[in-house]
Structure formats: structure tokens, C-alpha cells
Amino acid sequence: MSGRGRKAVLPPGGLDFPESAVADGLVVEHRNREGRVASYDFAVLPVAEPLQRSLAVLFAGQCRTGTWSTHGTSRTMWREIGRFTAFLSQQPDCPNDLDEVTAGLVSRWRLAKMAAPGGRAQVRNVSKLLRTDGRLQSGPVAELLARRVPALRGRVQSYDTAAFDHIVRTARQDFRAALMRIEDNARLLDQWQSGAIGPDDGRWSLGEALDFLARTGDVPRAADPRGRLCIPAKWRRALGGAATVTTWKRLFLSRPEAVSLGVLLLAEFGWNLSVIDRARVPRASPDPGQDGRPTYRLPVEKRRRGAGRWYETENVTDTGAGSPGRLITQALSATRFARAAVAAVDPEADVLLVSRTAKTTITNGDGDRRPPIGPFVFGIAHDDVRSWARRHNLAGSPFQRGRRTVVSRVHRGPLQHSQATHDRAYLLPDQQVQAEAPPPARPPGPGPVPSALCPRPTGRCGHGRWDTPGTSGRMRRSLRSRGARGWHRRRGSRLWLSGHPSDRFPGATGRPAPPRVHGRQRPAHPPRSRVAAAVGRTSRAP
């Protein structure tokens, strides 16, 4: 029912949703959230057929209930199950089915995998899957499978300032060169379409080729005598060659240039790679104001937060060069021709990062990502990031460490996560944050502390502290020589002893003498005497 109380429209009578998993023998099909299918054959596992079938049933149950909504989750579990069965096949007491799994076998598996790289995740995931079987829900094996697997401390550290600045500067140079190239050709195309460039102009053929490129996504091509598609000589002369930079790169970003734009979005907004990969096209407010500066509404989708908490929005304004809104303006300008070419085929493809490849037909093996349309691909794939890092001589992907750097050392606050996660996962384990943290306040301890009351502190005075070794004995002898001996002998003539020497000896450090009460010296607010504590007693007001 809608918010106004209207009943929702019922689906057609013959509508039938396909099963997310089909257990056909030992083959399980997993249908993800987008409706794409991935198949897993449990017959290839190196264990007995009854155990293969039991694992296939457990696997299909998780797919069918919607617990695993992406192919990435099912692929990860498939790899973990393969490693688990490989371990079982090497044991002398390899079980034929799950009811033959013993506590000793599970203990050996846990001990072998807990210290191995990625072994804790394998133990955690496989144990959770095995506990769904009714035969492993009670007994010693169930207790071992339910035992908590402590997580290791995160090893990913943030970049130092110089390294992060180098990455951002490299990405800015790469994207700026691509943006200037697209803007120059876009101005020439606008002049040709408006009639400012006539047929007698030498740029007429170039404008015609750019118009064809903007409408079709490729320059004019024709088949040669061998049947290969090539650029005719007329268009090759007008474009200045047949290289990619002189043909389709005139109006479209390449995949490495899209990665550079993603790095800039990371440095500006602190988004994850998954958020940047699925980033939708921002919408500008309909009223930019009198200054004409647009304010963009950025939809952010982060699925790791769980169902019902995926989406949030951020508002940024283009206030000039260097502002977060200016980067959004430049991103929209650099991708406008690619997004227009894609919208002509699929109007629902509302993705910000659209780039072009040199191949006219490309397939995508990742069922969780939007499939390409012709030569256009959406978002940023992990292969593109690895290629970009190798091209610029970087050690690994810059996105995970870069986000940690932005969150912990640039923004210094939570970004799409809670304060508890920010402190636990970003601040406390990070070595750069620890190095930049100010030293803790000096706790009360040894050493005299100068102050306005004690301009020349000695071994006896550190604001009421006797700090050097052996001062307790010297202090006791000094007090006895100065008339404090009666403090031990006569109960009625005790001397109130304060922690500051000026309370005992007025005028010694320029501190005014405390008020006299009945002819005896005492502070206005008598604290616990440090002197009395040193000699083993506690003084009380008479």
C-alpha cells in the first residue's frame, strides 16, 4: 500500500519467479539479485559422493533462502569448500558423509588453517555452513564448529603524506589530460553542429567524423578486401591517424582514465571502490541560485551496511576550482558522450563512470556487475585497477589504503560508517595515526615541575611530591629538626602538614602564608598530607 493509502498493483497472474538455486544432481545454480546465474559442480570435489551431495544441499539452501544475494559470496564459499574438501581428502580418516565427521578431524582442521593465510576466514565460513546441517547441531563436533574464531588485527595501513600526494597527483594529471582532450573536441563538434564550420572549412571532415563518433560510439569504418574493418583514407586524414587517441578517445574516456577519475573521487569523498563502481549520475538542483553555481545531490550506495541501510545522499556545490562540486562537474563533462551513447541503447543505465574499450565486443564474466553495452563498460573493475597500478609503478591497488588515508588522516571522521567502526578499524590499528598522535599528558610522577608557585623546584618540592630516591628518610629527619618531633609524641600539639613546603615554611617560595587558626598553621582546605603519608600516618584536623 502506498503512502496515500492506495493498494499496490498486483503482478500478472502468470508471473513466476525462478528459483535462486536448483539442485540438479551435484550441480547447483545460484541466481543473484540481478537475475544472472552462476553454476557450481560439486562432482569435482575430491571426496566421496555422499559428502559431495550433502555439501551441495547445504550450498543450495543458502542460495535458495536469499542469504547469498551476489555471485561474489557464492564464489568465495565455493573456494572455501574446495579447500576444506582438499584437506579432508588428505586425512587417513576422511569421512564419506557429514555424519562421519569427528571432533578430532575438526580440531586438526582448525589448527592447520588458523595459522595459514586466509585460514581464519575459511574456518569461520565453512563452520557456519556446516552448522546448518541437522547432523552437526549437537555433540562435540557442533561445539567445535560453534567456537568463536578471533579476527586478526588489520594489516592494511594508510599512506604517508608523500605517497598519497603522489598517487593523487598522478591521477589528476591523467584525468586532466583526458578532460582537456574531450573538451577541445566537444567545442569543435558544437561549432560543426551549429553551422559555424562550413563545408569549405578544413575542419569540416573532422566535425563530421566527430558527429558520427558521438552518435554511434565509433568512427566511420569500412571493410577492406580481406574483410577486416578499417578506417577509410578520407577519415584517417581528417582524424590525423588511426590510433585510439586520434579516433574514439576524442570523445570518450578509456578504462585507465576512468580509474584515474575514481582515484580523484576517492581522495575527495572517501568512497570505497564498490561505491565508485556503482555510482549513479548526480542530479543538480533545479535552482542554482543567483550566482549560477550548481549544487549536486550524490546518491551513495554501500551494500555492506545491510538491507535497509544501503543508501544515503551527499550534497556538494561547485563553488569554483578545487571544490568538491567542481570535480563532479568535470566528471559529468568527461562522461557525457559515453552516457548519451549508452542511453540510446539502454535508458535505464544510470551510471556515472562509463568508459570505452578498444574492442567493439567485450564480455564480462562478473555477474554482479552491469554487463557492457557494445564497447562501453560501466564502473571500475578490479582488473582495471591492477593494470592502472602497474602502469604507474604502484604497489597494489590504491583504493583500500587510499580510503583508510582519507578517513583517518584527511577527513578525520566517519564516512559511511559508525563512530565505533571508525575508532576500531581505522584509527587504532593505523601506524600513521599513531605516529601523528600528540604525546599523552605527563602523569603525576617523578621529577620536579616548575610553576608560578615553585619557580625553582628542588628535590623536595614537585608540587607536594618528594621525587628523588631516599627523600622519605631525609624528609623525616628534616621535619624532626624543624620542630615536627612533637607530631609523634604529643597528640594535642600536632602540626598540620601540607604537601607544599610553603604551608610548612611560609615565605619560602613567595606563596602567601595560610591563615592561622588558634595559633597554628593550617591550609584553607586541608588535603591528605603527603608528608604524613610518607612517614606512615594520616593527619587529621584537630
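These legends go with several close-up views of a predicted model. Residues are numbered from 1 along each chain as its sequence is written, and side-chain values use heavy atoms, with hydrogens and water left out. Local features need pLDDT of at least 70 and side-chain atom pairs count only at pLDDT 80 or more, while totals for chains, interfaces and linings use all residues.

View 1. Strands (E, at least two residues) and helices (H or I, at least four) are DSSP runs numbered from the N terminus, and two strands pair if DSSP finds at least two bridges between them. Look for His 30, whose bridge partner in E3 is Ala 38. The hairpin has 5 residues between its strands, and Gly 35 in the turn has a positive phi of about 90°. Across E3 (residues 37-41), Ala 38 and Tyr 40 make up the covered face, whereas Val 37, Ser 39 and Asp 41 lie on the uncovered one.

View 2. E6 joins E7 (residues 295-301) over 2 bridges, and Arg 283 has Arg 297 in E7 as its bridge partner.

**View 3. Leu 265 in the largest nonpolar core.** A nonpolar core is a set of buried Ala, Val, Leu, Ile, Met, Phe, Trp, Tyr and Cys residues joined through side-chain atoms within 4.5 Å. Of the 71 residues in the largest one, Leu 265 and Phe 399 touch the most other members. Helix H6 (residues 161-194) gives the most to this core, with 12 residues. Beyond its neighbours within four places in sequence, Leu 265 has contacts (heavy atoms within 4.5 Å) that include Trp 271, Ile 276 and Leu 352. A second, separate core of 35 residues includes Tyr 40 and Leu 88.

**View 4. Two cysteines, Cys 63 and Cys 94.** Cys 63 counts as buried at 1% relative accessibility, while Cys 94, at 27%, counts as partly exposed. Buried means under 20% relative accessible area, exposed over 50%, and partly exposed in between (1.4 Å probe, protein chains only).
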